[in-house]
Amino acid sequence: MIRPIVAGNWKMNGVSNSVSEINSLKEKVSSPSNCDILICPPATLIMAFSHILKETPIELGGQTCHSAASGAHTGDISSEMLKDCGANYVITGHSERRMDHGELDKIVKAQTEAAWRAGLKAILCVGELIGERKADLTLKVIERQLKNSIPEGATADNLIIAYEPVWAIGTGLTPTVDDVATVHTFIRNNLIETQGQQVGSNMRLLYGGSVKPGNAKELMAASNVNGALVGGASLKAEDFAGIIAAYE
Ligand code: PGA
């Protein structure tokens, strides 16, 4: 049995008074759930949240990291820094980083290696653009992203793959459950082939893109879906708890 994980990506949202939302989430999910729970707030909030979430099942992650541990990289943040302020996870290869910051597969691979170096688990995102889907290139794109961005040494514990069709992010659009199952099964088979049976069959595969309390149960029930990566709906404790409830 793969233990699912529901991860919230706050993106560039949240200031110090967002502690009220985290306090509210803490109350809603105080008892152990049937899934792991993760919040990836802006890096500026990780340390404050880590104090609030001590002794709760809610873990913390960063949204990206630099490949180096330290140095002359103005504005960047390293995986060691994320770990130091209380994170156990980091997202790598999110499509917004790929597009806004030119973080291509090679960079995503180096960032994922950096995550492991610091003892963080990486949530590596893959997904097709709308034009690629229309041209029937979805599986090709995903195959290329997996091949070029997963470093040597992946295990079911240090790596999670998130499938996020770029056109579904923040748009309210989602693929059909069948489409999600097709892509996730493709990823599962690819991982078994490239990473070996043990690693590939146990790695968690998350779906992301407009997951809401209203569609979470259906999407999470698709074959080879082991949780969700949630953007907008993770900002409100009530909505995020509603998605976690898909696993009750
Ligand atoms: P969304 O974002 O849930 O707002 O669509 C998902 C993501 O970018 O991870």
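1. How many bridges join strand E7 (residues 204–208) to strand E8 (residues 227–230), and do they run parallel or antiparallel? In this predicted model, the count is 2 bridges, and strands E7 and E8 run parallel. Within this pairing, Tyr 207 stands opposite Ala 228 in E8.

2. The pairing of E7 with E8 belongs to a closed barrel of 8 strands, which runs E1-E2-E3-E4-E5-E6-E7-E8 with parallel pairing. On average, and with direction ignored, neighbouring strands of this sheet are turned by 25° against each other. Helix H5 (residues 105–117) packs on the sheet, where it touches strand E4 (89–92), strand E5 (121–126) and strand E6 (159–163). The direction of H5 makes about 160° with that of E5.

3. E8 is also joined to strand E1 (residues 5–9), in this case by 4 bridges, and E1 and E8 run parallel. Val 6 stands opposite Ala 228 in E8.

4. Strand E4 is covered on both faces. Tyr 89 and Ile 91 lie on one side, Val 90 and Thr 92 lie on the other, and all are buried. E4 is joined to E3 by 2 bridges, and the strands run parallel. Gly 62 stands opposite Val 90 in E4.

5. For Lys 11, an N or O atom in the side chain is 2.7 Å from an oxygen atom of the ligand. Polar backbone atoms are involved as well: one of Gly 231 is 2.8 Å from an oxygen atom of the ligand, and one of Gly 232 is 2.8 Å from an oxygen atom of the ligand. Taken alone the ligand exposes 280 Å², and the protein buries 96% of that.

6. The side chain of Ser 210 reaches the backbone oxygen of Ala 168 at 2.6 Å and the backbone nitrogen of Thr 171 at 3.5 Å. Leaving aside neighbours within four places in sequence, Ser 210 is in contact with Ala 168, Gly 170, Thr 171, Gly 172, Leu 173, Thr 174 and Asn 215.

7. Two backbone values deserve a check. Most residues other than glycine have a negative phi. Glu 55, although not a glycine, has a positive phi of about 60°. Glu 55 sits in the loop between helix H2 (43–52) and strand E3 (58–62). With a relative accessible area of 82%, Glu 55 is exposed. Glu 55 and Ser 30 are 25 residues apart in sequence, and their C-alpha atoms are 9.4 Å apart in space.

8. Asp 136 is another residue other than glycine with a positive phi, near 65°. Where is Asp 136 placed? Asp 136 is in the loop between helix H6 (130–134) and helix H7 (138–149). At 70% relative accessibility, Asp 136 counts as exposed, because the cut-off for that class is over 50%.

Technical notes:
Residues numbered from 1 in each chain as written. Predicted model: local features only at pLDDT ≥ 70, side-chain atom pairs only at ≥ 80, totals over all residues. Heavy atoms only, no water. Buried < 20%, exposed > 50% of the residue type's maximum accessible area, 1.4 Å probe, protein only. Pairing = 2+ DSSP bridges. Axes fitted to C-alpha atoms, helices over the stretch in contact; angles between N-to-C directions. Contact = heavy atoms within 4.5 Å. Polar contact = N/O pair within 3.5 Å; in protein donor to acceptor, adjacent residues only side chain to side chain. Areas by Shrake-Rupley, 256 points an atom, 1.4 Å probe, with all protein chains shown as cover.
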